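Please look through the sequence and the model below before reading on. The paragraphs that follow go from the surface to the strands, the pocket, the charged pairs and the backbone.

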Amino acid sequence: MEILILLSPLIAFLVIGLFGSRLGDMASAILCVLGGLFSFLFSLWATAKALQEPFSVKLYDFLPLGNYTLSLGLYFDPLSSITASVVTFVATLIFIYSIGYMSNLFGQWTFKFYAYLSLFLFAMLLIVLSDNLLGIFFGWEGVGLASYLLIGYFHTQKKAANASLEAFTLNRIGDWFFLFGIIASFYLFGTLNIVEIFSKLSGVDKALLGLACLLLFGGAVGKSGQLPLHTWLPNAMAGPTPVSALLHAATMVAAGVYMVARLYPMFESAPQSLKVVAVIGGLTALFAALAATSHTDIKKIIAFSTMSQLGLMFLALGLGDKVAATFHLTTHAFFKALLFLSAGSIIHAFHHHVHDIYEVGNLKKYMPITYASFLVGALALAGIFPLSGFWSKDMIVATAYEASFGWGLLASVVSLLTAYYIFREGFVMFHGKERHHGEEPHESPGVMLVPMVVLSIMAVVAGFFEGWYSKVFGAEKELHLNIAVLSVAIGLTGIAIAYVVYIKGIINPEKAYEALKPLHTTFKEQFFTERLYHKVLAYGYLFYSRVLYATAERQLIDGLVNSSYVGVRALGGLLKALQAGKLNLYILFLSVGFLALLFLVIFWR
């Protein structure tokens, strides 16, 4: 029965991929939704079973290697089963939402989009549920392929084609680290089965184990858009909004955090590797939060927010609090999907012509449900009591302060910036001056609003399961009142700053921009890392390739080949005469040959 969690989206993908052109776009969309829905229902059933006793399901012996056989199987424990339920639940809501969002493209082979979505969900579930590193790697690559197809879905647009190529390239760099990490793990443990690896941790060399962990974490850095493999993540917003929500809420970018949490006993046995995880996570959280304060793209601001929140999760993992990281991963899935779907509702209202927050304004009047949904998502992201983000972020901030004042201060600064930039976006779009240029916005259809309302409810109530969640993982968490008060005060301060600037106008944002222009440019350019990659590394590699093409290939290799061609051609012309069909030549060659033989016979002796 548990295999149906995987098979449901896989069957949907195969049916839509093979017969989508005959079924039509709407039927393909419904099949995609049903694949996600059945997967969610089976996940709930498996979760109830796994919470009582973890269990494995063996699927297939893949490849014999001496005395060991690589196999594929599933492992259900609280972490994998709860994550699978969250992933399938959020994905199903996004699939339903996409019916309304993509309806204007029905009749244009949109069934392919739904086939890609189903493939994406299947690959993500393979990562979540696999009982061994090989299965996780298969899912890892499947998610990479599906994201390439989905980010570049509007492939006729250069922006989308470039974004999908960038995502594919940077993820491949991380994937190489991940692959070498898997090989190192097999070398150390003689197995790829996760449970067997955990049972052998005490008997392996700690230095090599640390190296294996760092290689595996390299894969997480690429997949979750952490420094320095981060530039693809905000640029991936070129894809349709449901894709952005799917990538950021509970699937691809979350895979890195989930993988580290899944293999956490390995990282705990190599504590030096956790320090690297904490440093990368903390730096990324601050880096992305600063970048978000200066961008004006509706979706990019939320994308930088994802980078920042994932950084906080890695920080919690690095500081030894796996429960805080995974609980924030869970609540984040609800309110981040909600924010993306709200942003997509605005883009849909303007027929996909609007992408900048300063191109709209006063939408509160025209789109009340979208406004309320965005507000709930923003309050949860800002960590305001009693929404879900408050409970999960409070756990991370408390862990950071327990580790050191420096980490706690960093988490607090990130929280302040988070509240500021998300409410800056909300205030400009929903309260700002109308800039609709004669095009009156309208509320989205019900098929888009219902998923947003459901996610709003989850963004409010999910935090109340903090105690139950901690108990499931065997941890006893208690609310730190001083940290909670501090976190809420910091969140409210960020909101107040945005309110003073963008609602009350006490501080003129344009004058502030002029005064802080160098800082603003630095943040917007992501500390010039994107330019470094594109202008120096990518173009440098391109220049190097062109130089090699002009010298080594054209002059050296082609020169040798062309020179040999002249000699071979002359020899061929000579040999051609042997079968030219001219009798006089044949007699001449025969005479020459006879004279040569005669000469040898007479003078050789």
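In which helix is the place of Phe 589? Phe 589 is found in helix α25, where helices (H or I, at least four residues) and strands (E, at least two) are DSSP runs numbered from the N terminus. This is a predicted model, in which local features need pLDDT of at least 70 and side-chain atom pairs count only at pLDDT 80 or more, while totals for chains, interfaces and linings use all residues. Residues are numbered from 1 along each chain as its sequence is written, and side-chain values use heavy atoms, with hydrogens and water left out.

Phe 589 has a relative accessible area of 32%, so it counts as partly exposed; buried means under 20% relative accessible area, exposed over 50%, and partly exposed in between (1.4 Å probe, protein chains only). Phe 589 belongs to a nonpolar patch on the surface whose members include Leu 571, Leu 583, Tyr 586 and Val 592, and the residues of this patch together have about 950 Å² of accessible area. Patches are made of residues with over 30% relative accessible area and no salt bridge, like charges being joined within 9 Å and nonpolar side chains (Val, Leu, Ile, Met, Phe, Trp, Tyr) within 5 Å. The areas come from the Shrake-Rupley method with a 1.4 Å probe, and for residues only the protein chains shown count as cover. Both α24 (529-576) and α25 (583-603) supply at least two residues of the patch, and the largest share, six residues, comes from α25.

The strands come next. Strand β1 (residues 55-65) and strand β2 (residues 68-76) run antiparallel and are joined by nine bridges; two strands pair if DSSP finds at least two bridges between them. Phe 55 has Phe 76 in β2 as its bridge partner, and Val 57 has Leu 74 in β2. The two strands form a hairpin with two residues between them, and Gly 66 in the turn has a positive phi of about 65 degrees. Strand β2 is mostly covered, with eight of its nine residues buried.

Rolling a probe the size of a water molecule over the atoms shows where empty space is left. In this model the largest pocket holds about 1300 Å³ of space. It is lined by 47 residues, of which Lys 159, Asn 162, Ala 163, Glu 166 and Asn 235 are the closest to its centre. The elements that give two or more residues to its lining are α6 (158-189), α9 (232-235), α14 (298-318), α23 (517-524) and α24. On a 1 Å grid over the protein atoms alone, a pocket is an open set of points where a 1.4 Å probe fits, with protein on both sides within 12 Å along at least five of seven lines, and lining residues have an atom within 4 Å of a point. Grid points are joined across faces, edges and corners, and a volume is the space filled by probe spheres set on the points.

Side chains of opposite charge can pair when their charged atoms come close. A salt bridge is a side-chain nitrogen of Lys or Arg within 4 Å of a carboxyl oxygen of Asp or Glu, and the count comes to eight salt bridges. One of them joins Asp 77 and Arg 262 (2.9 Å, N to O). Asp 77 lies in the loop between β2 and α3 (78-101) and Arg 262 in helix α11 (residues 255-262), so this pair ties together parts that are 185 residues apart in sequence. Both Asp 77 and Arg 262 are buried.

Asp 175 forms a salt bridge with Lys 223, their closest N and O atoms being 3.9 Å apart. This pair links helix α6, where Asp 175 lies, to helix α8 (residues 206-223), where Lys 223 lies, across 48 residues. Asp 175 and Lys 223 are both buried.

The backbone deserves a closing look. Most residues other than glycine have a negative phi, and most peptide bonds are trans. A cis peptide bond joins Leu 227 and Pro 228, with omega about 0 degrees, and Pro 228 is placed in the loop between α8 and α9. Gln 526, in the loop between α23 and α24, has a positive phi near 55 degrees, and at 1% relative accessibility Gln 526 counts as buried.
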